[in-house]
Amino acid sequence: MKRDVLVLGAGMVGVATAIHLVKRGMAVTLVDRRGAGEETSYGNAGLIQREGLHPYLFPRDLRSVIEVALKQRTDADYHISSLAAVAPFLWRYFRSSNAQRAAQTFAANVPIYANCLEAHQALMEEAGSTNLVAKRGWLRLFRDAGDIPAAERQAKELRDLGLGADMISMEDLNELEPHLRTDALEGALHYRDPWNCSDPSALVKSYAALFEKLGGEFVQAEIAGVTRDGATWTVKTNGSELKADQVVVTLGPWSKRMLDVVGLKLPMGVKRGYHEHFKAAGNAVLSRPVLDSEYGFVIAPMARGLRLTSGAEFARQDAPKTPIQLQKVLPRARDLFPLEESLDAEPWLGSRPVFPDMLPVVGPAPGMPGLWLHFGHGHQGFTLGPATAELIAQMISGETPYADPTPYSAERFKGH
Ligand SMILES: Cc1cc2nc3c(=O)[nH]c(=O)nc-3n(C[C@H](O)[C@H](O)[C@H](O)COP(=O)(O)OP(=O)(O)OC[C@H]3O[C@@H](n4cnc5c(N)ncnc54)[C@H](O)[C@@H]3O)c2cc1C
């Protein structure tokens, strides 16, 4: 049986893509070796970051570079044994982390972030999962008053776009989060527009159930490779061969590996990250996620407990777990909120798929008609999945896309 489209990978990005295609009347098969939303889209901090337009830059001031090199920071760390493997990506990321490129990424982010809440809302309502998402914004906390002016400048750029991003007083902070300890803090920024999900995997699974309800087919199988014969693409799995005229790669951090084999070399890297759940002491409650600006961790309230997430670790995707960043920030997290014992047997590890300019790739594979690329959303794939899914579905079906897709094209890496 030949399908219209095969979507490879059922994380937030793949599931949302599959829904948008099936809604356009196509016969769509979604393939994953696991259930939907059980990898990166399971382990994130659950933030739907309407405010997340500023790219995460690699630190370029000498002091920060030395601190990273000496492994003195908790927001960024690396494996010495992986350095040769990750150095080409790191160098490109370092070079892209300048003011001019950051401004271009910000501008390119405007239309897709403008759509991120609406795109989730439409799916949540249809899937019956609005109960998984709270609409209270999130808080960025500052221990060093010296970090506030730069954050304020970015907040002003968000306010210029009509978003709510304001410094609040310690009294207001206490009112919003009465169990947060504020003695170590010099300030707090409240992003009012973002949402947060209490169970990211359950949200993706609810979208996957909607996809099947709309007539889509889910196949659980390990994808071994992709080949083309004329206008037909064949996806080899451990059990069978699936055929279609169009294939969308939504394999998140595994996308590069699959595409290297078909000869499409893209400069994608991964920023690994960890999480662990903790019990709150007594009746302490956290109503919205908080980010510690100095140490780079998030504490996010989840159905399972308080999820502590780490910053970035640069290492081969398949290198062993080293949750040192989590261990180092745990005492700092306890300065802020009364976390008791861990609820997990061991920390979870995942990989954010990232490009040097911190923009995803959304569009056709250069020189490979029928092959589409949709991955590399970095720190914000949970946020952006449904918004960029709508964009790529419009491109595949020949509609006018709601945003100019040029900035997300894989062509941008040609000659660089
Ligand atoms: C610690 C951490 C915190 C984060 N916090 C946030 C946040 O708060 N907000 C936010 O927006 N984003 C956040 N992110 C980023 C976000 O989680 C990712 O950008 C997003 O989940 C990527 O989704 P995806 O669908 O592209 O990839 P994935 O969810 O990883 O999906 C890829 C799928 O491909 C499948 N697959 C891979 N290889 C094969 C194969 N050979 N055969 C079959 N199937 C295969 C996998 O099983 C998987 O289901 C965070 C990430 C981390 C690590």
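Student: Is Ala-231 exposed or buried, and how many other C-beta atoms lie within 10 Å of it?

Tutor: The general idea is to count neighbours: with C-beta atoms placed from the backbone, a residue is buried if 20 or more other C-beta atoms lie within 10 Å of its own, exposed if 12 or fewer, and partly exposed in between. Ala-231 is exposed, with 9 other C-beta atoms within 10 Å, and its place is in the loop between β11 (223-229) and β12 (232-237). Helices (H or I, at least four residues) and strands (E, at least two) are DSSP runs, numbered from the N terminus. Please keep in mind that this is a predicted model, in which local features need pLDDT of at least 70 and side-chain atom pairs count only at pLDDT 80 or more, while totals for chains, interfaces and linings use all residues. Residues are numbered from 1 along each chain as its sequence is written.

Student: Which residues does Ala-231 touch, not counting residues up to four places away in sequence?

Tutor: Two residues are in contact if their C-beta atoms, placed from the backbone, lie within 7 Å. With residues up to four places away in sequence left out, Ala-231 touches Asp-245 and Gly-370.

Student: Where does Leu-30 lie, and what does Leu-30 touch?

Tutor: Leu-30 lies in strand β2 (residues 28-32) and is buried, with 28 other C-beta atoms within 10 Å. Not counting residues up to four places away in sequence, Leu-30 touches Val-7, Ala-10, Gly-14, Val-15, Ala-18, Phe-211, Gly-216 and Phe-218. The C-alpha atoms of Leu-30 and Glu-212 are separated by 9.6 Å, and the two residues are 182 residues apart along the chain.

Student: How many residues of helix α1 are buried?

Tutor: In helix α1 (residues 12-22), 11 of the 11 residues are buried, so this helix is largely enclosed by the rest of the structure. Val-15 is one of these buried residues, and, apart from residues up to four places away in sequence, Val-15 touches Ala-10, Leu-30, Ala-36, Gly-37, Val-204, Tyr-207, Ala-208 and Phe-211.

Student: Which residues of the largest nonpolar core touch the most other members?

Tutor: In soluble globular proteins, nonpolar side chains tend to be buried together. A nonpolar core is a set of buried Ala, Val, Leu, Ile, Met, Phe, Trp, Tyr and Cys residues joined through C-beta atoms within 7 Å. Here the largest nonpolar core has 105 residues, of which Leu-8, Val-15, Tyr-207, Val-247 and Ile-299 touch the most other members. This core draws at least three residues from each of domain 1 (2-41 + 201-267 + 357-413) and domain 2 (59-97 + 135-192 + 269-354), with bounds that come from an automatic or database domain assignment.

Student: What separates the centres of domain 1 and domain 2?

Tutor: Taken over C-alpha atoms, the centres of domain 1 and domain 2 are separated by 29 Å. The contact between the domains takes 13 residues from domain 1 and 10 residues from domain 2.

Student: At what angle do helix α6 and helix α12 pack?

Tutor: Two packed helices are described by the angle between their axes and the distance between the axes. Axes are lines fitted to C-alpha atoms, for helices over the stretch in contact, and angles run from 0 to 180 degrees between N-to-C directions. Helix α6 (residues 116-127) and helix α12 (residues 381-396) pack at an angle of about 90°, with their axes 8 Å apart. That makes α6 roughly perpendicular to α12 (angles under 35 degrees count as roughly parallel, over 145 as roughly antiparallel, 65 to 115 as roughly perpendicular and the rest as oblique). In this contact, Cys-116, Ala-119, His-120 and Leu-123 in α6 meet Thr-383, Leu-384, Pro-386, Ala-387 and Glu-390 in α12.

Student: Which value does phi take at Lys-71, and which at Met-358?

Tutor: Most residues other than glycine have a negative phi. Lys-71, which is not a glycine, has a positive phi of about 60°, and phi of Met-358 is likewise positive, near 65°. Lys-71 is placed in the loop between α3 (62-69) and β4 (76-78) and counts as partly exposed, with 13 C-beta neighbours inside 10 Å. Met-358, found in the loop between β20 (348-354) and β21 (361-364), counts as buried, with 25 C-beta neighbours inside 10 Å.
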